[in-house]
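The entries follow the order in which I looked.

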Amino acid sequence: MTTDPAQFAPLAVLIPFLGAALNFIIVHRNRLQRGVTVGAMVLTLILNAFMLANVWNQGPQVVHLGDWAAPYGIVMVVDQLSALMLVVSVVVSLAVLIYAVSEGVASGDDEGPISIFYPTFLLLVAGVSHAFLAGDLFNLYVGFEILLTASYVLLTMGGTAQRIRAGVTYVVVSVISSILFLISLGMIYGATGTVNMADLSVKLADLPQGTQMQLHLMLLIAFGVKAAIFPLSFWLPDSYPTASAPVTAVFAGLLTKVGVYSIIRTETLLFPGTQINDLLMWVALLTMVVGILGALAQIDIKRMLSFTLISHIGYMIFGIALGTQAALAAVVYYIAHHIVIQTSLFLIAGLIERRGGSTNVDRLAGMLKISPLLGVLYMIPALNLGGIPPFSGFLGKVGLLEAGVEAGTWLSYLLVGVSVFVSLLTLMALIRVWNRVFLRNVDDAEYPDPVLRATTAEGRRPRTSRAVAGESGSRFSGRSPVVLLPGTMVGATTALVAVGVALTVFAGPLFDLADNASENLINPDRYVNAVLAPVGPGGVSEEGR
């Protein structure tokens, strides 16, 4: 019996879809919905881990849905890059889900009316998975639309005026990006007669240079909006921070990376070469600099993290622009690192808001005395994102810097210098939050939050009917505004921080995987041959056996 991983690829999308459908049927039964959602996520994670283990040292594996041969049928492609993205995306999604469930229970919403969250969350995961596995541009577009539709609902959930305003901006920008992608797709089909990416890799090269450049730039702009690269990132800082902490965390970790993933496929498979490498270098430089300058100007932790998110997309674009095997290996590793670390920091920001009453640094202080564990949880991913050795952020950046030096051009040297400078500014922005939120005394805060005042005044055994596991105390009478941190929320965040540390501990095997992935990326013939090979039993290409 074959264990070809490609055969199981459709289940990575189908399991979350079926979970979402079942959740719609059992609407308003939140406990049952939670069980279905967590179960679907765990099954998907096991499946994705199995596929990753099977393609670790192999070339692309392909399944043709309905046994229709490419380029006429729908194909799903599993290689090291897509399999790693699937595993990392489901790991962070599962942590966010557990965090969100615990937050809802602790807030008294155990049987609340907003039961749309669980099916929508599963649809988001299904859309992300579909985008990573798509072997043609149309199904990549479908994956984007599934995850964006789910994200519209999640972003505006709660219906506050601020969230609705942010949601409108997000919807308008996303629709414009999707329309541009769809127009590009139509023009590509009109010029080549296909939307299969392997087939396009062959046929696009036969088009006139001017036509190639036009199609190339249109796709890059469409994906650039989704990846939030400069100057197409203006929408992100106003959209993400308004949502609830779990929603913001999963958006920050995943949505922009789907755009980066699409850019990688565009630059290595559809339009390989050096046509616009210098343009991408400048885009990377401006994305880094503008993003980090925006972060330094913020007094809200979520907005600061949103700008650092934009800034570090620039590192990924830098590696893609270099286009060498070493650079792409560093990009693959850095994407996995950034998904985990950025999600962790947003979850921690949610814990800070719950414990201290705000994410505004002018209203926070003394948090290290109130919750030492929270201080440790913040410091570890902060140092990681800032590139302090020996963490994964340092390792990924060193890989990019080495690739930049090997390129040997004045522009690559400039990007190397800017990358180091931006990394120092990132550390500065994150440590400034640490100093003001965790180290200084409450009396030194400009506008202390009432929750923070109450916490400080009442010590570590606040009188609150909301006390739950995770900190000292159980249940006390009174109406203090102090809210303790639920143990499951802290546990989910701690587990994700531990995953970030594991990226450092297991950096050797992960870099080997990333190197295998980059080798396949710079040799697109492997992808093309696997997809266009004759279809064998079970719809799996003979080339992939």
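I started with the second largest cavity and listed its lining: P60, D79, R265, T268, L269, N520, L521, P524 and Y527. I took a cavity as a set of points, on a 1 Å grid over the protein atoms alone, where a 1.4 Å probe fits but cannot get out; lining residues have an atom within 4 Å of a point. The elements that give two or more residues to this lining are α10, α20 (507-521) and α21 (524-532). I took helices (H or I, at least four residues) and strands (E, at least two) as DSSP runs, numbered from the N terminus. With 3 residues, α10 gives the most.

The model is predicted: local features need pLDDT of at least 70, side-chain atom pairs count only at pLDDT 80 or more, and totals for chains, interfaces and linings use all residues. Residues are numbered from 1 along each chain as its sequence is written, and side-chain values use heavy atoms, with hydrogens and water left out.

I noted about 70 Å³ of space for this second largest cavity. A volume here is the space filled by probe spheres set on the points, and grid points are joined across faces, edges and corners. I sorted the lining by class: 5 nonpolar, 2 polar and 2 charged residues. Ala, Val, Leu, Ile, Met, Phe, Trp, Tyr, Cys and Pro count as nonpolar, Asp, Glu, Lys and Arg as charged, and the others, Gly among them, as polar.

Next I looked up R265 and D79, both in that lining. Their side chains meet in a salt bridge (3.0 Å, N to O). For a salt bridge I required a side-chain nitrogen of Lys or Arg within 4 Å of a carboxyl oxygen of Asp or Glu. The pair links distant parts of the chain, 186 residues apart: R265 is in helix α10, and D79 is in the loop between β2 (75-78) and α3 (80-106). Both R265 and D79 are buried (under 20% relative accessible area; exposed is over 50%, partly exposed in between; 1.4 Å probe, protein chains only).

How many salt bridges does the structure hold? I found 6. One of them joins the side chains of E519 and R526 (3.2 Å, N to O). E519 counts as partly exposed because its relative accessibility is 28%. R526, at 35%, is also partly exposed.

I then turned to the largest cavity, with about 130 Å³ of space. Of its 13 lining residues, L148, Y170, S174, K226 and W235 are the closest to its centre. The largest share of the lining, 4 residues, comes from α6.

Technical notes:
On a 1 Å grid over the protein atoms alone, a cavity is a set of points where a 1.4 Å probe fits but cannot get out, and a pocket is an open set with protein on both sides within 12 Å along at least five of seven lines; lining residues have an atom within 4 Å of a point.
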